[in-house]
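Please read them with the structure open.

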Amino acid sequence: MNAINTPRSDVVPTSKGAGSIGAVSLVGAGPGAADLLTIRAAKALESADVVYYDSLVDASVLAHISPKARRIFVGKRKGFSAMPQQDIQDRMRDDALAGHQVVRLKGGDPFIFGRGGEELADLRASGISVKVVPGVTSAIAAAAETGIPLTHRDVATSVTFVTGHTLDGSIPELDGLVSSKRTLVIYMGVSNAGTIVKQLLGAGVPDSTPVAVIERATLPDQRLIEATLKTLTEDLGINDVVTPALLVIGDVAALGVLGAEPTPPVHTNPELSEPFAWVHHPMG
Ligand SMILES: C[S@@+](CC[C@H](N)C(=O)[O-])C[C@H]1O[C@@H](n2cnc3c(N)ncnc32)[C@H](O)[C@@H]1O
């Protein structure tokens, strides 16, 4: 086996020499909240000539784009793509060949269910220099926001990220991915929740297994809905859950309440009372 020395990828070129070709940066925008954008991502946005961005990227993140840059929306709205995938890749290649610094801005992390791998391979095959700037993937952010530890020494020794929606609309094989001490996080799983539940119950997973649904994680209207495999589909309907949302399945999902606001201290001596009121904001 050869060891390959991979140089750091944090230097985003900012100036175009005469006749030089540009480059593409695949940049993770994080889960939504602008303060979860990495410094490296913000720098890439500030120095880009053109930014191709997806629907899940919040306006507060787009505010980092240089006013001089061209912004091109290429996401999906109501199931329709603003631009076919091959056209996005072709246009980014042409922009880079014309000498521009191109940013492809994607929700979360570009390599977690973000088609970053396809774009990287396609552009490099055309001789374009491509850098990848990681982002905080929504599962990690959603877990942190709701106090759900995806792994926990006593409760879960592994976590698996799965898509609930493959290219042909089916769901992947989940058998064996949830058991005691395993956590499953399903991206894009809300519309297929019924099939997911059926598959897991059929594989012998108890219907009492906790499920947390986290909707619009890190955004001001974020919600946590606590369910079990038995109640999941009903709870999704009752709460009118919208995308983007994630399903966290496994015993850790029941620990979410531990992340709620701390219980106010109770003082019997009025002189020790807090000078401010503690307010408990339940989620959902
Ligand atoms: C096409 S995938 C992109 C995932 C993204 N690359 C990432 O790393 O988070 C879109 C799915 O990610 C999940 N997602 C993205 N942002 C989210 C958020 N703020 N809250 C909850 N789920 C989110 C949802 O399951 C959504 O359907």
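1. Ala 44 sits in helix α1, which covers residues 39-47. The model is a predicted one, and in it Ala 44 has 26 C-beta neighbours inside 10 Å. Because the cut-off for a buried residue is 20 or more, Ala 44 counts as buried. Ser 66 lies 22 residues away from Ala 44 along the chain, and the two C-alpha atoms are 9.6 Å apart.

2. What is the strand order in the sheet of 5 strands? The order is β3-β2-β6-β1-β7; the sheet is open and its pairing is parallel. At the edges stand β3 (70-73) and β7 (129-133), and each has a single partner strand, so one side of each is left without a neighbour in the sheet. From one strand to the next, the twist averages 20°.

3. Helix α1 packs on this sheet, where it touches β1 (23-28), β2, β6 and β7. The direction of α1 makes about 135° with that of β1. Helix α3 (residues 85-97) lies across β1, β2 and β6, and runs at about 150° to β6.

4. The pairing of β2 with β6 can be checked by residue. Strand β2 (residues 50-53) and strand β6 (residues 101-106) run parallel and are joined by 4 bridges. Opposite Tyr 53 stands Leu 105 in β6.

5. Is α5 mostly covered or mostly open? Of its 9 residues, 8 are buried, so α5 is mostly covered. The buried set is Ser 138, Ala 139, Ile 140, Ala 141, Ala 142, Ala 143, Glu 145 and Thr 146. These buried residues pack against five strands by name: β8 (156-163), β9 (181-187), β10 (210-215), β11 (223-228) and β12. Just after α5 comes Gly 147, with a positive phi of about 70°.

6. Which residues come nearest to the ligand? Among the 23 residues around the ligand, these are Gly 108, Thr 137, Ser 138, Ala 217 and Pro 244. Ser 138 is also one of the buried residues of α5. By class, the shell has 12 nonpolar, 8 polar and 3 charged residues.

7. At least two residues of the shell come from α5 (138-146), and at least two from β12 (245-249). Why does the ligand lie between the domains? Both domain 1 (23-135) and domain 2 (139-259) give residues to the shell, so the ligand lies between them.

Methods: Residues are numbered from 1 along each chain as its sequence is written. This is a predicted model: local features need pLDDT of at least 70, side-chain atom pairs count only at pLDDT 80 or more; totals for chains, interfaces and linings use all residues. A residue is near a molecule or strand if its C-beta atom, placed from the backbone, lies within 6 Å of it. Ala, Val, Leu, Ile, Met, Phe, Trp, Tyr, Cys and Pro count as nonpolar, Asp, Glu, Lys and Arg as charged, and the others, Gly among them, as polar. Domain bounds come from an automatic or database domain assignment. A residue is buried if 20 or more other C-beta atoms lie within 10 Å of its own, exposed if 12 or fewer, and partly exposed in between; C-beta atoms are placed from the backbone. Two strands pair if DSSP finds at least two bridges between them. Axes are lines fitted to C-alpha atoms, for helices over the stretch in contact, and angles run from 0 to 180 degrees between N-to-C directions. Two residues are in contact if their C-beta atoms, placed from the backbone, lie within 7 Å.
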